[in-house]
Amino acid sequence: MIVDPLFYAAAVPATIVVGLSKGGFTGLSVLGQPILALVMSPIQAAAIILPVLIVQDVVSLYAYWRRWSRKELMRTLPGALAGIVLGYLLAASVSDAAVAFGIGVLSVVEAARAFLSRRLKRAPGESGPIAAAVWSAVSGFTSMIANAGGPPLMIYLLRRPLPVQQFAATATAFFAVVNWVKLPFFLALGQISFENLATSAALIPIAVVSTMAGVWLVRRVSPARFFGLVYTILAVVGVKLIYDGVTHF
């Protein structure tokens, strides 16, 4: 188990950020791994974060049980599974920087489009089944390659007529399945060790509390503020991914 205080100075904020994401503020989780990467290799950071994500998925699934949209999950999960498999097969040949840059640009463009639509008082167009298949596959792929599956799913779900609770519950259920499916692939890539698992276990109490805090906040934020905040998160995360991509090219 890692005992370096500097590690926990980064790991605790990272776990809290991921917990808020799992509680319903989807997209914030993409910031967790970069915070950990300040004190360790990105690969080890991903290995430590994944078990924490799975525990947080259990907590958030309990909080949102059966509030998700079964229709949206049926639309998106097949594409996500295909994207995960493709990501595993191409893990050694795909540049994390290129993936991060591409998803960052798409995220910023989508957030800007939504902002302009609101300023011009135009309703954004809805996404259909083809968009569901494409964005969910991109989400599964980028989740496997760079732990950046949140923005692509948000781009799709934000264009669906979902209430706040159902939006949060659907995103929660989607990534719960994605993270469990990713686990054997991470094992096959040799990224799970006893040291990393022990370190993940030390972060679990913080993970549970932060996830419940996210659920509590989502239930008390008005729909207009919630979706405005989610679009803001999408824009901020997009800028961060663009920065990561540019600096690592």
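**Reading the helices of a predicted model**

Guide: In this predicted model, residues 128-147 have end C-alpha atoms 25 Å apart, and the span is 90% helix and 0% strand.

Visitor: Where does UniProt place the feature "transmembrane region"?

Guide: The UniProt record, an unreviewed entry, places it at residues 7-31, 43-65, 72-91, 97-116, 128-147, 167-190, 197-218 and 224-243. Among these, residues 197-218 are 100% helix and 0% strand in the model, with end C-alpha atoms 30 Å apart.

Visitor: What span should helix α10 have at 1.5 Å a residue?

Guide: Helix α10 covers residues 223-248, and because each of its 26 residues is taken at 1.5 Å, the helix should span 38 Å, which agrees with the 37 Å between its end C-alpha atoms. For helix α4, residues 70-89, the distance from the first C-alpha to the last is 29 Å, close to the expected 28 Å.

Visitor: Where in α4 does a kink lie?

Guide: The kink, of about 30°, is at Thr 76, shortly before the proline Pro 78.

Visitor: Which residues of α4 are buried, and which helices do they pack against?

Guide: An α-helix has 3.6 residues a turn, so residues three or four places apart point the same way. In α4, the buried residues are Glu 72, Leu 73, Thr 76, Leu 77, Gly 79, Ala 80, Gly 83, Ile 84 and Gly 87, and they pack against α6 (129-146), α7 (150-157) and α8. The buried residues of α10 include Phe 226, Phe 227, Val 230, Ile 233, Leu 234, Val 237 and Leu 241.

Visitor: How many residues does the largest nonpolar core have, and which have the most contacts inside it?

Guide: This core has 66 residues, and those with the most contacts inside it are Leu 36, Leu 158, Phe 167, Phe 174 and Phe 226. Helix α8, residues 164-188, supplies the largest share of the core, 11 residues. Leaving aside neighbours within four places in sequence, Phe 167 is in contact with Thr 26, Leu 157, Leu 158, Leu 162, Phe 226, Phe 227 and Val 230; Phe 226, Phe 227 and Val 230 are also among the buried residues of α10.

Visitor: Is Asp 57 buried or exposed?

Guide: Asp 57, which has its place in helix α3 (residues 42-63), counts as buried because its relative accessibility is 0%, the cut-off being under 20%.

Visitor: What is Asp 57 in contact with, leaving aside its neighbours within four places in sequence?

Guide: Its contacts are Lys 22, Thr 172, Phe 175, Ala 176 and Asn 179. With Lys 22, the side chain of Asp 57 is joined by a polar contact of 2.7 Å.

Methods. Residues are numbered from 1 along each chain as its sequence is written. This is a predicted model: local features need pLDDT of at least 70, side-chain atom pairs count only at pLDDT 80 or more; totals for chains, interfaces and linings use all residues. Side-chain values use heavy atoms; hydrogens and water are left out. UniProt positions are given in the numbering used here, feature names are shortened, and annotations may be inferred rather than shown by experiment. Helices (H or I, at least four residues) and strands (E, at least two) are DSSP runs, numbered from the N terminus. The expected span of a helix is 1.5 Å times one less than its number of residues. Buried means under 20% relative accessible area, exposed over 50%, partly exposed in between (1.4 Å probe, protein chains only). A nonpolar core is a set of buried Ala, Val, Leu, Ile, Met, Phe, Trp, Tyr and Cys residues joined through side-chain atoms within 4.5 Å. Contact means heavy atoms within 4.5 Å. The bend at a residue is the angle between axes fitted to the seven residues ending there and the seven starting there. A polar contact is a pair of N or O atoms within 3.5 Å; within protein, one must be able to donate a hydrogen and the other to accept it, and residues adjacent in sequence count only if both atoms are side-chain atoms.
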